[in-house]
Amino acid sequence: MSSTVENPFFARIWKFMSSHETDWLHDRRRENLEGLSGRVLEVGAGTGTNFAFYPDTVTEVVAIEPEPRLLEVAREAAASAPVPVSVTAGTVESLAASEPFDAVVCSLVLCSIDDPEAVLRQLLSRLRPGGELRYFEHVASAGARGGLQKVVDATFWPRLFGNCHTHRDTEAVIGAAGFEPVTSRRGWQFPVWAPVPVSEFALGRAVRP
C-alpha cells in the first residue's frame, strides 16, 4: 500500500481554504483538542491547522500526512507550534511501530479514507488502554440534505475534494471499530437551510476499553 496520496488539485484547494478558516472553525478545532495531555497521534494533518491549538499539557504530537504538497505546509506550521510536533509523510498503515499513544486526533479526515473502520481499528491498536480518540468530522444528515449528500458522493464531490464522502455515519463506524463513546455533540457549520453537503458535524470523544 502506498504511503503517499498524490492529489495536487485538492491540495491547492485545501491550502487556500485552510489559510482562510473562520473563527468558528478555529473554535471547533480548539474544542476538539481541549484537555489533551501526553503523547498524541494526529491523522491527516493537512496544512497543520490544528497545531496552534494544542494545549501545553501535550508533550509530543506525531502528525502524519500523505499528500506531499500539504506535508510541506504542515512542517512549516509545526515549526511555530506551542508544543513539539513532528510531521511524517505517510498513512496510518505505513506508520512505524512505537510506544502507545495517549490520544489520537482526527479532524475532517475520516470522510476521505477508503476503509475508515479498518483505519480506526489500527488507530485503536496504537492507543494505550484508556487512551482516547478525539474527532471533529462532518457527517451524514437526514432528510433532503442526506439525499443531496448521496448525490454528490456518487458524482463529483470525492473527485474534487480529496476523496471526501459526505454521507457517512462516522460515529457508528467509530463504535464498530471498538471504541467506546464518552461524549458527542452535533452541530451545524452553516445555516440549516443552506444546501451545503458538509454542513452538519459531529464532535466527540471515545476511548479504547
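Me: Hi! What share of the 209 residues is buried?
Reply: Buried residues make up 50% of the 209; buried means under 20% relative accessible area, exposed over 50%, and partly exposed in between, with a 1.4 Å probe and protein chains only. This is a predicted model, in which local features need pLDDT of at least 70, side-chain atom pairs count only at pLDDT 80 or more, and totals for chains, interfaces and linings use all residues. Residues are numbered from 1 along each chain as its sequence is written, and side-chain values use heavy atoms, with hydrogens and water left out.

Me: OK, and how many helices and strands are there?
Reply: The protein has seven helices and seven strands. Both are DSSP runs numbered from the N terminus: helices are H or I with at least four residues, strands are E with at least two.

Me: In what order do the strands sit in the sheet?
Reply: The order is β3-β2-β1-β4-β5-β7-β6, in an open sheet with mixed pairing. Two strands pair if DSSP finds at least two bridges between them. At the edges are β3 (85–89) and β6 (180–188), each pairing on one side only.

Me: Can we zoom in on β1 and β2? In which sense do they pair?
Reply: Strand β1 (residues 38–43) pairs with strand β2 (residues 58–65) in the parallel sense, over six bridges. Within this pair, R39 stands opposite E60 in β2.

Me: Now the helices. Which strands does α2 lie across?
Reply: Helix α2 (residues 23–33) lies across β4 (101–107), β5 (127–138), β6 and β7 (200–207), and runs at about 165° to β5. Axes are lines fitted to C-alpha atoms, for helices over the stretch in contact, and angles run from 0 to 180 degrees between N-to-C directions. Contact means heavy atoms within 4.5 Å.

Me: And α3?
Reply: Helix α3 (residues 68–79) lies across β2 and β3, at about 170° to β3.

Me: At what angle do α1 and α3 pack?
Reply: Helix α1 (residues 8–18) packs against α3 at an angle of about 30°, with the axes 8 Å apart. That makes α1 roughly parallel to α3, since angles under 35 degrees count as roughly parallel, over 145 as roughly antiparallel, 65 to 115 as roughly perpendicular and the rest as oblique. Among the residues making the contact are F10 and W14 of α1 and L70 and V73 of α3.

Me: Last one: what box do the C-alpha atoms fill?
Reply: Roughly 45 × 35 × 35 Å, taken along the principal axes.
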